[in-house]
Amino acid sequence: MTVDQRVMRETAIPPLFLAMMRELAGVSKAWRIPAVRRGTLGAALIFAGSFTPAFLPDVNPFMNVPVLGALQTPAGMVVATATLVIGVLLLLEAWLRLRPRAGRPKVSRHILWLWSLPLLLAPPLFSRDAYSYAGQGRLVTIGLDPYRYGPAGVAEQYSQNVDPMWLYTPAPYGPLVLQIQHGIVDIFGTDHAYAAAVAMRAPAILGVVLIAVLLPKIARQLGYDSQMTTWLAVLNPLLVLHLVGGAHNDALMLGLMVLGVWLALQKRIWLAVLVVAAAGAIKAPGFLAILAVAALEARRLHGSVPSLRQVMSSLFRLGSACFAVFVLITAICGLGFGWIGALGVPSTLRSALSPPTAVGVVLEKLLMWLQVPGAMDTTVTIAQRVGLVIGLVLAARVAWRLGPVAPVRALAWVTGIIVITNSVVHPWYILWGGLFLAMTEGARFTPRRVMVWVTAGLVVYCTIDASLRNGTLALGVTAGVVLAWMAFTNDRNLERDPDQPQQPFDLRGWWLARRMPVTSAEPVIPPELLVSQSSSRSSSHGSV
């Protein structure tokens, strides 16, 4: 009997109350760290500087509020943007300071609670997607098909707040999340569109909680460094600014993917299949988690390193069950499969962060300069389709080679490849594969450096974009220079504190291991993780 069980028996304290007390104790301990307090101050300043046209609709409930209304004037926007920039700087600096290192305090998920708290009532940050979610939920409420009509079909406040580029486009999301949005809109009614958009943060917070609680546990069970996982993934500024601040439904999708992997590790396979189907009913990339679930099931049934045929057999069986559950969820939601046809809606936007789209735009301009007929209509589309094919081929190759021996690492790379080769890439899309990549590659020196720079670069991009919307571009550029300098300084510190030596992934050794007889049906740590596990134990990292 554990101490908690003994306490519950002797005092009859409810388990939920004990869990809350433990969380409060963890938050109190985290608050004692100076960097955590600076990051919390940064989040508070971001909240204070967010009541500007960069994040608010043209008609908003704060226009006549004395202080908040003044922030929407030209002079007020300068002050608010400066406040926001300082807040972002403090948050990024705090995150860099907290990197796990000898002599530094251990990081925990409780830091995320402190950094997220000031943002809970802020306007949707760095994106207006939450207003689109509210508009789509309103469409369901009044009986219109969100897979045929855009939010413009609602001649109310819900359509006035949506970004113009998405006013006439159908929803590219799964039926489950649309019903969640519908439920939130029903609570707030016709006259509170802004409140409904802010409330879209509720399902996002649920997803963030699942990520923060379960991802470090998965890392420990697989032999990865849970401290590095917590720092790189859970406390990542992109997660704070976009999944919490932006209220994106990607947060719930990712949380369910993490939950599905966790359940598979606990050998609750069919419950994991149900959760993955729910993740796919939020957004289509959620279905990718079935790759890791199937490989983990194959390892449980056939030994530590199953054959490719055994993994494919599990994938076919569990994938079929996942699709059947998804069909059932769709039938219960009553919205049909129209979202499949709407998946191409985001590609109508030329994303500056998408490599295939960027290449297509450059080629288009070159061909137009050469006066090639039809270049403007087809070049970008062809480049996007080529990128998609390349991504699928690379993802299949990684899944084939890495899936049987390291399923979660394979999921990280497969998802990351699909994001990078997609026709549209938003900053928070990097978290799709980045969460799992931060866990599985966090103990390696080069991937850590890449992740730090990607995080800093996208934070710079978002800050400059917000400043541009407020007409204060100079402040954003200044912040970008400072943020880049902060990342460079941290990068140099990384060089002075190299990781413990770690064995690279040995494909030949893995192939030989597949040919050896299997003596245990229990999942084992992949060979490339043995050194990282021993070094993690020797450094006496505690639980998160």
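Predicted model: local features only at pLDDT ≥ 70, side-chain atom pairs only at ≥ 80, totals over all residues.
**Whole chain**

Start with the cartoon of the entire chain. Its secondary structure consists of 26 helices and zero strands. Next, colour by pLDDT: the mean for the protein chain is 79, and 80% of the residues reach 70 or more. Select residues 514–544, where the pLDDT is below 50; in the model this stretch has 64 contacts beyond near neighbours in sequence. Then select residues 494–508, another stretch with pLDDT under 50, which has 32 contacts beyond four places in sequence.

Switch to a surface view. The accessible surface of the chain is about 23700 Å², and carbon and sulfur atoms account for 67% of that. Of the 544 residues, 53% are buried. Among contacts with a separation of 6 or more, 75% are between residues 24 or more positions apart.

**The nonpolar core**

Hide the surface and select Trp95, Leu98, Trp115, Leu254, Leu256, Val261 and Phe436. Within the largest nonpolar core, which has 137 residues, these touch the most other members. As a general point, nonpolar side chains in soluble globular proteins tend to be buried together.

Centre on Trp95 and show what surrounds it. Leaving out residues up to four places away in sequence, Trp95 touches Trp115, Trp231, Leu232, Leu235, Asn236, Pro237, Val452 and Thr455.

**Leu265**

Go back to helix H14 and pick Leu265, which is found in that helix. Is leucine 265 buried or exposed? Leucine 265 counts as buried because its relative accessibility is 10%, and the cut-off for buried is under 20%. Beyond residues up to four places away in sequence, Leu265 touches Ile218, Gln221, Leu222 and Leu296. Also select Val293: its C-alpha atom is 8.2 Å from that of Leu265, and the two residues are 28 apart along the chain.

**A nonpolar patch on the surface**

Bring the surface back and select Val359, Leu363, Leu366, Trp369 and Leu370. Together these residues form a nonpolar patch on the surface with about 540 Å² of accessible area. Finish on Leu366, which lies in helix H19, residues 355–369. Leu366 has a relative accessible area of 42%, so this residue is partly exposed; that class lies between the limits of 20% for buried and 50% for exposed.

Methods:
Residues numbered from 1 in each chain as written. Heavy atoms only, no water. Helix = DSSP H or I, 4+ residues; strand = E, 2+ residues; numbered from the N terminus. Buried < 20%, exposed > 50% of the residue type's maximum accessible area, 1.4 Å probe, protein only. Contact = heavy atoms within 4.5 Å. Areas by Shrake-Rupley, 256 points an atom, 1.4 Å probe, with all protein chains shown as cover. Patch = residues over 30% accessible without salt bridge, like charges linked within 9 Å, V, L, I, M, F, W, Y side chains within 5 Å. Salt bridge = Lys/Arg side-chain N within 4 Å of Asp/Glu carboxyl O. Core = buried A, V, L, I, M, F, W, Y, C linked by side-chain atoms within 4.5 Å. pLDDT = per-residue confidence, 0-100.
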